[in-house]
Amino acid sequence: MKWWQNAVVYQIYPRSFQDSNGDGLGDIRGIIQRLDYLEELGIDAIWLSPVYQSPNDDNGYDISDYQAIHPEFGTMDDMDELIEEAKKRSIRIVMDLVVNHTSDEHEWFKDAKSGVNAKYRDYYIWRDPIDGEEPNDLKSTFSGSAWTFDENSQQYYLHLFSKKQPDLNWENPKMRQDIYKMMNFWLEKGIGGFRMDVIDLIGKVPDEKITDKGPRLHEFLQEMNHETFGQYDVMTVGETWSATPENAELFSGADRDELSMVFQFEHITLDQEPESKWALKALDLVELKTVLSKWQTSLSDSAWNSLFWNNHDTPRVVSRWGNDQEYRVESAKCFAVLLHLMKGTPYIYQGEEIGMTNRLVKDISEVKDIESINMYKEELENGKHSEELLNAINHKGRDNARTPMQWNDEMNAGFSKGTPWIAVNSNHNEINVEQAIADQESIFYTYKELIQYRKENEAVVLGAYNLLLPNHQQVFAYERTHKGNKIIVAANLSEESASIELPETSEKASVRFSNYDRKQVDSTEWILKPYECFVIENVNQ
Ligand code: GLC
Ligand code: CA
């Protein structure tokens, strides 16, 4: 077994985690101060969103120097100390690797822009205008065309994200070697691996409007593996919005020499209409069960799933698919139990372990995220109403997950002594780490217990998955079986009680987790209270 197969990863969005010097921005020293908390939770690795030098057009996902720490986050010494201090607590640091694009303020792009014969010109993707216009109609994820005209050279450059995020040209072998050198710089520091930002885009063929399934994508990943992390005992997880169970094996099959696993997003797109993430649609639980179960059962034994409900790009799951008011605690525990007992590596997004919620905004001036702001402007021009757009932002905007971590009920939730870069959620008086630690029944202890349970239970790590009650409209239930040992997981994801019938169990069967104080197995007929979940162990012993 690889170390990352029974590991749990915790994602830190550093701007919003802990500010140590009162400038309102989270920083590396702040993370170091909170390592004991993470050790207490029991996680094995931190995925650290970018802390590199960056003009912050996209909060650090626009990197201007891969081998320098942004001064607002600290120094390289702080970074080395973080790796060291984390290691003392058996926590590995997984760095965010953003190599589909750089910032337009990266030295390579500054040079590239200086003229068609510049040394680094070909590190990026340039095209002549066609009939005086963009080479084609490729769109940026952050609204508008993916092409921006450069007056100086009279050519367009490609950016699949903001115009301050020019795409690197992976066809250029020298560029690739420079990236590998940079990756080895980090690997030599003893990091635990890489989370690879939009990595399925690096094989793009813009002229054919192919973005995510380029013909050379897997060749590049294999080369990267051989030249860099393949030599180390690290984990790699690719962010791949295009992943399907079939191609996930190409990325992460054990014999492929590519990645440890990918983040798939099929479940994340279930509550939207096909045209865009902003076109809201209610989640159908049966669909959610179908999609997640398909991923559970269709990856072969050689590939591996990643498991997550939310990250810095999505709303918070308890607000999105649970109930963040009356049943906040119950529903947050349901999502914890469902995810952590599946097969794969679970990822916790900061604050999820205490049931942090979305934060609603009333006006666009409260919004910080470039994606939401650009969408709002563009759609207003298209004639949409402000209320409708703000409603979409409140449901799907990325700021929901980016509000400061809620540590206590003091000023700014204990996140900062200064003015936070983004407003703290006003519910921090009730929802915070201090409160969670003091309450043995809190969501925090459910996460802690689940992390421990995974470590002690091979069935959780390796057991076969089988969906139960596939068509039930309220309850998500499944079983995991390993060497004759079976557990059953059931969660009622609705506000009404639900009745179900579960398989026959042995006399030794007992209730392991319960968010309603359920103690024993009485029969095969169960009536679940609103957002009730439980786990039965020793099902057939
Ligand atoms: C990924 C990141 C997101 C970023 C984008 C461009 O999707 O998770 O935050 O904006 O890539 O780098
Ligand atoms: Ca700071």
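Biologist: How do you divide the residues of the shell around ligand 1 into nonpolar, polar and charged?

Modeller: In this predicted model, the shell holds 4 nonpolar, 3 polar and 7 charged residues. Asp, Glu, Lys and Arg count as charged. Among the residues that come nearest to ligand 1 are D58, D197, E239 and D313, so these four belong to the charged class.

Biologist: What makes H312 a polar contact of ligand 1?

Modeller: The cut-off is 3.5 Å between N or O atoms. A polar side-chain atom of H312 lies 2.9 Å from an oxygen atom of ligand 1. That pair therefore qualifies. H101 also has a polar side-chain atom 2.9 Å from a ligand 1 oxygen. For R195, the distance from a side-chain N or O atom to an oxygen of ligand 1 is 3.0 Å. Protein covers 97% of the 310 Å² of accessible area that ligand 1 has on its own.

Biologist: Why is N21 called exposed, and D23 partly exposed?

Modeller: Exposed means over 50% relative accessible area. N21 has 52%, so it is exposed. D23 has 36%, which lies between 20% and 50%, so it is partly exposed.

Biologist: What makes M224 stand out in the largest nonpolar core?

Modeller: That core has 132 residues, and M79, I179 and M224 touch the most other members. Leaving out residues up to four places away in sequence, M224 touches L97, V99, W170, Y180, M183, M196, I199 and F229. A second, separate core has 15 residues, including V475 and W526.

Conventions: Residues numbered from 1 in each chain as written. Chains lettered and ligands numbered in written order. Predicted model: local features only at pLDDT ≥ 70, side-chain atom pairs only at ≥ 80, totals over all residues. Heavy atoms only, no water. Near = heavy atom within 4 Å. Polar contact = N/O pair within 3.5 Å; in protein donor to acceptor, adjacent residues only side chain to side chain. Areas by Shrake-Rupley, 256 points an atom, 1.4 Å probe, with all protein chains shown as cover. Buried < 20%, exposed > 50% of the residue type's maximum accessible area, 1.4 Å probe, protein only. Core = buried A, V, L, I, M, F, W, Y, C linked by side-chain atoms within 4.5 Å. Contact = heavy atoms within 4.5 Å.
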